[in-house]
Amino acid sequence: SRPGAPNHPLLAGSSTSIAPRWRRQLAAAATFFVSGLEHELFVAYATRRLGWRWLAFFSLQGLLLAGESELRRRCAAAGLRLHPAVASLAVLLVLGVTADTLFWPVLMQPALVQPLVAAMPGWLLQAGRAAPWCSSALGVMQQWLRGSSG
C-alpha cells in the first residue's frame with residue numbers, strides 16, 4: 001500500500017494517480033460541449049432550424065468552470081480566500097448574463113413556444129395558474145403569444 005492510501009480507499013490497490021488538472025478540465029469542457037450539442041439538436045428537431053446559441057452557452061460554461069477553478073487555485077496560492085457569498089453572487093451574475101444573451105432567447109422563439117404551450121394539458125395550465133410562481137410566467141407567455149400571432 002502506498003503512503004496516504006488509507007485516506008483514498010479507491011486508490012489503495014491502484015498504481016494509477018488521479019488525472020492531471022488539465023485533463024479533468026478538458027473532460028468537463030467536453031461534457032458541456034456535448035450537452036450543448038444535444039440541446040441544439042433537440043431545438044433543431046422542434047423548430048426545423050439549426051442554431052448556435054445553446055451550443056455557445058453550454059460550451060462557455062465549461063470554459064468558465066475551468067477559469068473559476070484556476071482563479072480559486074491562484075487565489076489560494078496567494079493566501080486569498082473569497083467569501084462564499086461573494087463567490088456565489090459572482091457565479092450567479094455571470095450565469096444570469098450568459099443565460100440572458102444565449103439561453104433564454106432560444107426558448108422564446110415562437111416556433112418552439114407555441115407548440116409547447118399548445119401541447120400542455122389543461123390540468124397543467126390550471127395548476128400553473130394556481131401556483132403564484134408559475135401564474136405570472138404563464139401570463140407573460142400567453143400575452144407574448146397573443147402579441148406574436150397578431
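For this tour, Ala, Val, Leu, Ile, Met, Phe, Trp, Tyr, Cys and Pro count as nonpolar, Asp, Glu, Lys and Arg as charged, and the others, Gly among them, as polar. The model on screen is predicted.

By type, the lining of the largest pocket divides into 13 nonpolar, three polar and three charged residues.

Next, select Val 43, Trp 54, Phe 57, Phe 58, Ala 99, Leu 102, Phe 103, Val 106 and Leu 112, which together form the largest nonpolar core. H2 and H3 are the elements that give two or more residues to this core, and H3 gives the most, with four.

Now show the rings, where the whole structure has five aromatic pairs. Trp 54 and Phe 103 are stacked, with 4.8 Å from centre to centre and 20 degrees between the planes; because Trp 54 lies in helix H2 and Phe 103 in helix H3, the pair ties together parts 49 residues apart in sequence. Turning to Phe 57 and Phe 58, the ring centres are 5.2 Å apart and the planes at 85 degrees, so this pair is edge-to-face, and both residues are buried.

Finally, keep Phe 58 selected and, leaving aside its neighbours within four places in sequence, display its contacts: Phe 32, Ser 35, Gly 36, His 39 and Phe 103.

Methods. Residues numbered from 1 in each chain as written. Predicted model: local features only at pLDDT ≥ 70, side-chain atom pairs only at ≥ 80, totals over all residues. Heavy atoms only, no water. Core = buried A, V, L, I, M, F, W, Y, C linked by side-chain atoms within 4.5 Å. Buried < 20%, exposed > 50% of the residue type's maximum accessible area, 1.4 Å probe, protein only. Contact = heavy atoms within 4.5 Å. Phe/Tyr/Trp six-rings, centres within 6.5 Å; stacked < 30°, edge-to-face > 60°.
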